[in-house]
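Thanks for coming, everyone. Let me put the structure up, and then we will walk through it piece by piece.

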Amino acid sequence: YCTSLTSITIPDSVTSIDSSAFYCCESLTSIKIPDSVESIGDNAFQYRVNITSVHLPNGIVSIGNRAFYSCRNLSSVNLPDGLANIGNNAFNRCGALDSITIPSGVMSIGDYAFAGTEYSFLVSNPLFTTIVIPNTVNHIGKGAFAYCTNLVSVIFEEGSQLTSFVSTEDWEKTGTFTGCSALTYIQFPQNLNNIRRYTFDKCKS
């Protein structure tokens, strides 16, 4: 672990950031990612707790599993227009996130991609209140927005390709919006044909 590394500028020759590349670089506060980078691997910036904002270049098409998992001070991240896939747990437990815009072109949002946690006394949950799902999204994984306790409204764009919400049948009993206790409004996809168990479990509002 490079525990004393505070900033880094990635050169233009780099096209991918591999798995665990900056894993647990806990002092890292600044990173510049060039337009040449097309993918960010699994766990690439996991537990990078001091970073507060990330600017992702337009060349990024894929964000790996747990890429920014538990970056607890991350309050701002731009998702570029060319992005197609957001991996499992990509921004899970990023409790300082106060807004998120999913760009048109994203096709898949992985399991627990933006999830908080039921145990919010240990880790704070995301702060964003509204999410708009573009009509290009055809898959949203289980628990993708689970325990986003400040989430009030969810809007699926007209022409949405999503036909089903995914949930887990195991001991976790987690659906797409489980534990979104402030959720009061959802504009459903027009082609939705299946709402799975636990999709809105513990949505108290």
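The largest pocket holds about 320 Å³ of space. A pocket here is an open set of points on a 1 Å grid over the protein atoms alone, where a 1.4 Å probe fits, with protein on both sides within 12 Å along at least five of seven lines. Grid points are joined across faces, edges and corners, and the volume is the space filled by probe spheres set on the points. This is a predicted model: local features need pLDDT of at least 70, side-chain atom pairs count only at pLDDT 80 or more, and totals for chains, interfaces and linings use all residues. Residues are numbered from 1 along each chain as its sequence is written, and side-chain values use heavy atoms, with hydrogens and water left out.

Which residues lie nearest the centre of the largest pocket? They are Tyr112, Glu118, Tyr147, Glu172 and Thr174, out of 14 lining residues. Lining residues have an atom within 4 Å of a point. The lining divides into 6 nonpolar, 5 polar and 3 charged residues.

Now the sheets. Strands are DSSP runs of E, at least two residues, numbered from the N terminus. Two strands pair if DSSP finds at least two bridges between them.

Asn85 has Ser108 in S9 as its bridge partner.

Another open sheet has 3 strands, ordered S10-S12-S13, again with parallel pairing. S10 (130-133) and S13 (185-187) are the edge strands, each pairing on one side only. From one strand to the next, the twist averages 10°; axes are lines fitted to C-alpha atoms, and angles run from 0 to 180 degrees between N-to-C directions. S12 (residues 153-156) pairs with S13 in the parallel sense over 3 bridges. Val154 stands opposite Ile186 in S13.

Last, the cysteines. How many disulfides does the structure hold? The count is 0. A disulfide is a pair of cysteine sulfur atoms within 2.5 Å. Cys71 counts as buried, at 0% relative accessibility. Cys94 is also at 0%, and counts as buried. Buried means under 20% relative accessible area, with a 1.4 Å probe and protein chains only.

Terms used:
Nonpolar A, V, L, I, M, F, W, Y, C, P; charged D, E, K, R; others polar. Helix = DSSP H or I, 4+ residues; strand = E, 2+ residues; numbered from the N terminus. Buried < 20%, exposed > 50% of the residue type's maximum accessible area, 1.4 Å probe, protein only.
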